[in-house]
Amino acid sequence: MSAHVDYLLGLADDALVSSQRMGWWISRSPQLEEDVAMANIGLDQLGQARALLTHAGAVEAAGRDEDDLAYFRDERDFRNVCLVERPMEDFGVAMARLLVFATWQHELYGALSASTDATLAAVAAKARKETAYHVDHARQWTLRLGDGTAESHDRMQAAVEAEWPWREELYDAGTLAPELVERGIAVDPGTLREPVEARLDAVLAEATLSRPDVAAAYSRGRQGRHTEAMGYLLAEMQHLARSHPGVTW
Amino acid sequence: MEHRTATATTPSRAWQVAAGVLDPELPVVTIEDLGILREVTEDDQGRVHVRVTPTYSGCPAMETIREDLVSALTGAGFRTVTVEFVLAPAWTTDWMTGEGRAKLEAYGVAPPGPVADGGPVPLALSVRCPQCGSPDTHELSRFGSTSCKALWSCRSCREPFDHFKAL
């Protein structure tokens with residue numbers, strides 16, 4: 001598989017898997033408005049994933065469409081970072097995760113708006129505007145819970161501690177072919193570290209939370225090495241399409 | 001908006017038909033009012049090609065809009081209709097027409113304010129209540145019943161209302 005396709009699949013799978021986790025919250029949120037908000041954010045991510053998967057399929061030119069790529073690849077072929085696949089069944093964790101992921105996506109999409117891959121640039125320019133809302137939503141909840149009661153503060157701090165070790169893979173060039181960066185298609189993930197971390201630190205400070213002093217987790221999702229949670233997530237996400245091939249609504 | 005000028009100043013019959021298609025989720029504004037209808041070309045064989053830009057990446061209304069465009073144009077006698085979704089340049093609520101904004105407000109949806117692109121999320125500080133006109137309103141939720149709307153409430157008339165978010 002070409003490095004270009006691999007790169008696009010990484011971005012698509014980040015959005016797709018995150019969207020699947022956001023969907024878990026529908027009917028489980030602390031308030032009705034939040035059900036709607038999380039569904040909307042997940043829907044934006046799903047839309048980004050669809051456009052990126054379709055484009056990856058076109059660049060690959062092997063006849064695979066968005067559904068083939070979403071539903072008929074196995075765990076080792078998914079390229080998403082491990083951050084997004086882990087369960088998030090605690091609301092504080094969900095908001096800490098969204099804060100990290102959306103802040104990173106927002107910076108990434110901003111940089112990719114100038115990609116020499118014109119389709120990728122167009123998807124990124126559109127997605128960048130959507131992720132601004134996602135960042136803002138996560139920030140508001142982080143402030144409200146962090147600078148809230150003693151209980152909410154402690155739980156938000158614990159959530160931040162749980163998510164922080166998984167950031168490192170977002171900045172890791174890992175298997176990314178340097179040639180893609182040289183050709184202006186991809187963004188060197190290392191360049192995102194400074195702006196993303198600055199924004200995260202500012203939110204933590206405002207929310208009276210302390211920046212976790214934690215070691216990076218072993219995270220190699222970009223290479224197809226996932227956590228235990230990924231197989232269960234895919235089983236649920238892919239079940240319908242695999243049980244009823246070609247099914248339509 | 002050079003992408004529209006050529007067609008909008010001398011609207012062809014195909015453009016006029018396409019421009020009459022309503023947004024399925026806000027059935028008072030047309031896709032022209034929203035600024036998502038970008039280009040309509042027709043050849044002498046009666047083949048029409050329509051270019052539309054999505055509002056949000058995941059907007060589920062796009063498939064319905066595609067079907068409505070095909071149905072409206074074939075109903076008007078055009079034989080072959082193709083609909084293409086174009087991503088660049090990305091749609092912005094700044095492309096919504098003045099007429100579209102007025103229709104939204106009359107329908108009970110507060111129209112979007114101007115977009116502050118590049119800055120933080122545009123915060124509409126004084127959204128006017130579309131029901132009673134009061135500026136004494138507040139946001140209940142940044143995300144509403146569809147991707148493009150936020151949920152607001154009016155302190156004067158006590159009614160909740162949708163606000164079309166700036167994007």
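Predicted model: local features only at pLDDT ≥ 70, side-chain atom pairs only at ≥ 80, totals over all residues.
Residues are numbered from 1 along each chain as its sequence is written, chains are lettered from A and ligands numbered from 1 in the order in which they are written, and side-chain values use heavy atoms, with hydrogens and water left out.

**Around Arg97(A)**

Arg97(A) sits in helix H4 (residues 91-112) of chain A; helices (H or I, at least four residues) and strands (E, at least two) are DSSP runs numbered from the N terminus. Leaving aside residues up to four places away in sequence, Arg97(A) touches several residues, including Leu83(A), Arg86(A) and Glu163(A). Here, contact means heavy atoms within 4.5 Å. A polar atom of the Arg97(A) side chain also lies 3.0 Å from the backbone oxygen of Arg86(A).

**Charged pairs**

Side chains of opposite charge can pair when their charged atoms come close. The structure holds 29 salt bridges over all chains, each being a side-chain nitrogen of Lys or Arg within 4 Å of a carboxyl oxygen of Asp or Glu. Here are some of them:

| Salt bridge | N to O distance |
|---|---|
| Arg86(A) and Glu163(A) | 2.9 Å |
| Arg97(A) and Glu163(A) | 2.5 Å |
| Arg142(B) and Glu139(B) | 2.7 Å |

Take Arg97(A) and Glu163(A): their salt bridge links helix H4 with helix H6 of chain A, 66 residues apart. Is Glu163(A) buried or exposed? Glu163(A) is buried, because its relative accessible area is 1%. Arg86(A) is buried too, at 11%.

Over in chain B, Arg142(B) counts as buried at 8% relative accessibility, whereas Glu139(B) counts as partly exposed at 28%.

**Aromatic pairs**

How many aromatic pairs are there over all chains? A search of the whole structure finds five. Rings of Phe, Tyr and Trp (its six-membered ring) pair if their centres lie within 6.5 Å; planes under 30 degrees apart count as stacked, over 60 as edge-to-face and the rest as tilted. Trp25(A) and Phe91(A) make an edge-to-face pair, 5.6 Å centre to centre with 75 degrees between the planes. Trp25(A) is in the loop between helix H1 (3-23) and helix H2 (32-60), Phe91(A) is in helix H4, and the two are 66 residues apart. Both Trp25(A) and Phe91(A) are buried. Ring pairs also link these two with Trp24(A) and Trp141(A) into a cluster.

**Chain B overall**

Chain B has five helices and seven strands. Of its 167 residues, 45% count as buried.

Technical notes. Polar contact = N/O pair within 3.5 Å; in protein donor to acceptor, adjacent residues only side chain to side chain. Buried < 20%, exposed > 50% of the residue type's maximum accessible area, 1.4 Å probe, protein only.
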